[in-house]
Every structure is written in structure tokens, then in C-alpha cells.
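Here are a few exercises to work through with the model open beside you. Try each task before you read its solution.

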Amino acid sequence: MRIPDITIAIDGFSSTGKSSFAKLVARKFGFQYLDSGALYRAVTLFAQERGLISADNAVDPGLRAALDSLEVGFGPDGRTFSGERCIEDEIRSMKVSSQVSPIAAVPYVREWVDACLHRMAAGGRVVMDGRDIGTAVFPDAEIKVFMTASPEVRARRRFDELAAKGGNPVYEEVLANIQQRDYIDSHREASPLRRADDAFGLDNSDMTMEEELAWITGLVQGKFGIL
Ligand code: CDP
């Protein structure tokens, strides 16, 4: 099946499995995968390492100019790099997770990330995941998906992910972090998380990845009349 040159936007709450789903779709369709959350996480690590965000989440306005020197990219295996340095593990830590939503609420940070995404997506045939891809970054994306799952299912998934990496996560902390990010992400002024009017909803609380893939394949086939 030849998939047309389209953009696929996958948005939704934290730990709904957006990135696993987006990666699978990218592999299956032969598309490029862009992880917008990784860019926000990279900015957060950058701000933390330069002392540009305080313990109570106050962001130093110096971050704006400092971002000129930040270059984030993805390796062939999808790992995130800051210049030559692989930051994949650090950006997934609880330390970064605990400050990423305040960073992502800063309008100039969002502009910086949006510009990166547009540059990286210039070739087309991309699948992107995030919070505002279908509403703000690529409002013309041909296929938009909005993913949901219950907070407990999501916290369990994130907990298992952190534990598998050899961490020592505390379930209650992971759940609290997810709920806190849900709240900040949906209540911020700049591009809050909301479902685009033309997005297809996908609640994957009880779905396997194969079922998710069959679902989106059917959707693309239906929309473009391909068999
Ligand atoms: O994987 P997980 O759901 O934990 O989050 P992520 O996709 O890595 O994104 C981390 C954080 O970045 C989110 O909680 C949002 O605060 C922010 N974000 C955003 O504001 N807009 C996006 N397009 C992507 C992420």
C-alpha cells in the first residue's frame, strides 16, 4: 500500500503512548518521526544545566537569547542529541519531567520548538507527536489523532518504562507528575492542549499496538480511497 505524502499529527495527554504509536506508524508507512516533546525536554535540560530555571520553576529571561546556541537533532535510531552529545536518557528523567511543563508554557520556547519542527519536517512524509501539533504547529495536517487513556493506565506505563531503564520510580510520584502536567498543559495560555475539531479520537486504554496500527491504516485507506 503506497501512503500519500501527508503529515500525520498525533496529540494527547502525557504517557498515552503517543510516541510508541507514532514510531510504529512511521516505520510502517516509511515516514520520518518527529518527537516534539523531546525538543521541550532538551530545552528543559539545557535550562537546568545553565541555571536558567529555579527550583520553584521561575524561568530566567536569559533563556531566550541562550537558545540561539542550542542545536537539537535526532540520530538515525531516533535518539535525541544536543550538538554531538546524546541526551536521550537525561531528558527522560523525572528531574526533566518535573520542570518540562513550566518550560513548555513559555511562548518564546514554543516558537523556538515550532521553528525546529518546521525545519525538520520540510521534506514532508512525517508523523509528529505532541500536544499542539494538530491545533497550532501543523493545523493543515491531513490526519490528526487525539490520544487518551486513563491516568492510572498512563502512570502504570510510565512507571514500567522508568523501572525497565533501571530506575527506582515511585508509582504515586509518577501518577502525580502526569496529573500535574495534564493540568498545566491544558490550562496554559500559549497553545494549550486541546483536541482539534477535525481530530480522530483514540482511547487506547485496552488496545494493543497492532490494533492501533490497524485502526490508523483503516483511517488513511478510508480517507484516501486506497485498498
Ligand atoms: O512522553 P510524555 O507524554 O511524558 O511527554 P512528552 O511528549 O515527552 O512531552 C513532555 C512535555 O512537553 C509535556 O508534558 C508538555 O508540557 C510539553 N509539550 C508541549 O507543550 N507541546 C508539545 N507539542 C509537546 C510536548
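**Exercise 1: the ligand**

An oxygen atom of the ligand sits 2.7 Å from a side-chain N or O atom of Asp-185, a polar contact (a pair of N or O atoms within 3.5 Å; within protein, one must be able to donate a hydrogen and the other to accept it, and residues adjacent in sequence count only if both atoms are side-chain atoms). Protein buries 97% of the 530 Å² that the ligand exposes when taken alone (Shrake-Rupley areas, 1.4 Å probe; for residues, only the protein chains shown count as cover).

Before going on, note that this is a predicted model: local features need pLDDT of at least 70, side-chain atom pairs count only at pLDDT 80 or more, and totals for chains, interfaces and linings use all residues. Residues are numbered from 1 along each chain as its sequence is written, and side-chain values use heavy atoms, with hydrogens and water left out.

Task: find which residues come nearest to the ligand.

Solution. Step one: start from the 18 residues around the ligand, meaning those with a heavy atom within 4 Å of it. Step two: pick out the nearest, which are Arg-41, Ser-101, Arg-110, Asp-185 and Arg-188. Step three: check distances; a polar side-chain atom of Arg-41 is 2.6 Å from a ligand oxygen, and for Arg-158 the side-chain N or O atom is 3.0 Å from one.

**Exercise 2: helix α2**

Task: work out whether the length of α2 fits its residue count, then look at its cover and its ends.

Solution. Step one: α2 covers residues 36-49, helices being DSSP runs of H or I with at least four residues, and strands runs of E with at least two, numbered from the N terminus. Step three: 12 of the 14 residues are buried (under 20% relative accessible area; exposed is over 50%, partly exposed in between; 1.4 Å probe, protein chains only). Arg-41 is among them. Step four: at the helix start, a side-chain oxygen of Asp-35 comes within 3.1 Å of the backbone nitrogen of Gly-37; just after the helix, Gly-51 has a positive phi of about 65°.

**Exercise 3: Gly-12**

Task: is Gly-12 buried or exposed?

Solution. Step one: locate Gly-12 in strand β1 (residues 7-12). Step two: read its relative accessible area, 0%, so Gly-12 is buried. Step three: look across to Met-147, 135 residues away along the chain, whose C-alpha atom is 4.7 Å from that of Gly-12.

Note on methods. Expected span 1.5 Å × (residues − 1).
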